[in-house]
Amino acid sequence: WASVKTAEMRDRDTLLGYVGTVEDITEQIRAEQRRNAQYAITNVLAESSNLHEATPKILRSLCESLEWDVGQVWSVDTAAGVMRFVATWHNPTFDAEAFETATQALVFTPGQGMVGQVWASRQPLWVQDLKSDANFVGSSVAISAGLKQACGFPILGNMGILGVISAFSRHSQLFDDDLLEMMVAIGQQIGQFIDRKHAEEEVRRQTVRSQLLADITLRIRQSLKLEEILQTAVTEVRNFLRADRVLIYRFKPDWSGTVVVESVDSSWLALLGSDIRDACFIENCRELYEQGRSRAIDDVAQSDLSPCHKKMLMQFQVKANLVVPLLESEALWGLLIAHQCSHPRPWQDFETSFLSLLANQVGIALSQSRLLSQEIKQRQQLAQQNQALKESRAAAEHARKAAIQARKAAEQATEMK
């Protein structure tokens with residue numbers, strides 16, 4: 001960029017010519033672009049309530065301020081150990097359909113492609129010429145779309161790298177250290193935003209979790225009806241987890257069992273009342289649950305479950321499940337189970353913790369119900385004993401009176417003789 005200034009040269013009223021100066025203002029323009037980008041992204045983060053809302057605005061602000069044609073966000077999938085596509089933005093004047101379709105299907109491992117290199121190094125990366133970078137994954141599609149340059153920078157949070165932002169341009173720009181430094185700062189800024197929102201969400205979840213546990217605990221203490229308590233538990237759990245199905249499975253003495261209560265979305269099979277005998281469970285899982293341990297399966301099809309166990313779960317449309325034991329006086333009474341039927345689901349630690357805490361409360365309800373049943377039975381036995389004693393006393397009294405009457409009758413007969 002250049003700034004041109006001109007002035008007239010005159011001798012009184014006669015125009016002799018013009019004099020001009022040309023000043024290179026490239027650095028000024030770039031500095032202004034960087035300030036605008038940081039300012040725009042700061043505003044976006046301040047005005048957004050969550051990352052989903054902020055992401056497209058971040059990409060647009062970044063690309064428009066720095067004159068890039070495409071921006072993309074990638075996020076770490078910790079469970080799978082890969083970086084996955086999250087969102088994209090492109091300049092309205094750029095036909096990005098083919099390029100975006102191709103890149104959305106990509107996944108990266110550390111060190112693979114530009115995204116993977118940024119992930120592995122946790123440093124920004126500038127690709128001056130896509131044609132000459134053999135490590136760039138998808139370069140043929142990018143080049144066909146008319147893209148010439150790319151850069152990427154990490155999104156860094158307190159616990160490490162959270163993702164990567166990549167940007168592409170149809171026009172060549174000179175390598176700029178200051179620009180990369182600014183991108184690092186923006187990545188840290190976005191990482192802090194993500195950490196803060198995660199912390200806020202965790203506080204919200206803890207509040208909801210504590211309130212839900214308190215409500216269920218209160219209902220357990222107030223209610224004497226076990227079925228009502230169990231139904232409340234599965235209904236509230238499904239609402240909290242947003243699962244497709246939550247049920248309680250009660251064991252029989254032979255370790256077969258019955259679904260005694262259930263809350264299920266209408267789109268999926270209802271299992272209430274189903275009698276299930278799973279030989280695989282008896283062999284592989286019984287000891288685990290008797291020890292009070294839970295089990296989370298994120299993807300049934302890809303899990304290490306035995307073939308017969310997988311077959312049973314798939315028969316019930318289950319693609320992911322979370323199971324915690326229900327112990328009554330340290331004995332395995334049944335299982336509290338959450339099912340995701342629509343898709344595999346990576347269960348979170350707080351979800352497992354919540355279900356375990358709730359299972360403890362249900363265990364208290366089971367003990368309470370057993371003690372109540374014992375008390376009722378003892379009262380019934382005592383009532384029966386009291387009734388029998390009362391009847392025995394009445395019979396004895398009747399016999400005594402009959403004996404007295406018989407003696408009197410005998411005495412009167414003797415006197416008449």
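This is a predicted model: local features need pLDDT of at least 70, side-chain atom pairs count only at pLDDT 80 or more; totals for chains, interfaces and linings use all residues.
Figure 1. Residues are numbered from 1 along each chain as its sequence is written, and side-chain values use heavy atoms, with hydrogens and water left out. Helices (H or I, at least four residues) and strands (E, at least two) are DSSP runs, numbered from the N terminus. Which element gives the most? That is α4, with three residues. The lining residues include Q72, W74, G113, M114, V115, S166 and F168. Eight of the lining residues are nonpolar, four are polar and none is charged. Here Ala, Val, Leu, Ile, Met, Phe, Trp, Tyr, Cys and Pro count as nonpolar, Asp, Glu, Lys and Arg as charged, and the others, Gly among them, as polar. The volume of this cavity is about 90 Å³.

Figure 2. Rolling a probe the size of a water molecule over the atoms shows where empty space is left. On a 1 Å grid over the protein atoms alone, a cavity is a set of points where a 1.4 Å probe fits but cannot get out; lining residues have an atom within 4 Å of a point. Points are joined across faces, edges and corners, and a volume is the space filled by probe spheres set on the points. How many cavities of 30 Å³ or more are there? The count is two. The largest cavity holds about 310 Å³ of space. Its lining has 21 residues, and H309, M312, L313, L335 and I337 lie nearest the centre. At least two lining residues come from each of β9 (245-251), β12 (295-297), α10 (307-315), β13 (320-328) and β14 (331-340). By class, 16 residues of this lining are nonpolar, three are polar and two are charged.

**Figure 3. A six-stranded open sheet.** Strands of a sheet pair through backbone hydrogen bonds, either parallel or antiparallel. What is the strand order here? The sheet runs β11-β10-β9-β14-β13-β12, with antiparallel pairing. β11 (275-276) and β12 are the edge strands with a single partner each, so one side of each has no neighbour in the sheet. Two strands count as paired if DSSP finds at least two bridges between them. β12 and β13 are joined by three bridges. In this pair, I297 faces N321 of β13.

Figure 4. Is β7 buried or exposed? Nine of the nine residues of β7 (residues 149-157) are buried, so this strand is largely enclosed by the rest of the structure. Buried means under 20% relative accessible area, exposed over 50%, and partly exposed in between, with a 1.4 Å probe and protein chains only. β6 (residues 125-127) pairs with β7 in the antiparallel sense over three bridges. W126 stands opposite C151 in β7. β7 also runs antiparallel to β8, joined by nine bridges. Q149 is placed opposite S169 in β8. β7 and β8 make a hairpin, with two residues between them.

**Figure 5. β8 beside β3.** How much of β8 is buried? Nine of its 10 residues are, so to speak, under cover. β3 and β8 run antiparallel and share six bridges. V73 sits opposite I165 in β8.

**Figure 6. The largest pocket.** A pocket is an open set of grid points with protein on both sides within 12 Å along at least five of seven lines. The largest pocket has a volume of about 1,400 Å³. Its lining has 41 residues, and H198, R205, P346, Q348 and F350 are closest to the centre. Elements that give two or more residues to the lining include α2 (51-66), β4 (82-90), α6 (177-222), α7 (226-241) and α11 (349-416). α6 gives the largest share, 10 residues. The lining has 20 nonpolar, nine polar and 12 charged residues.
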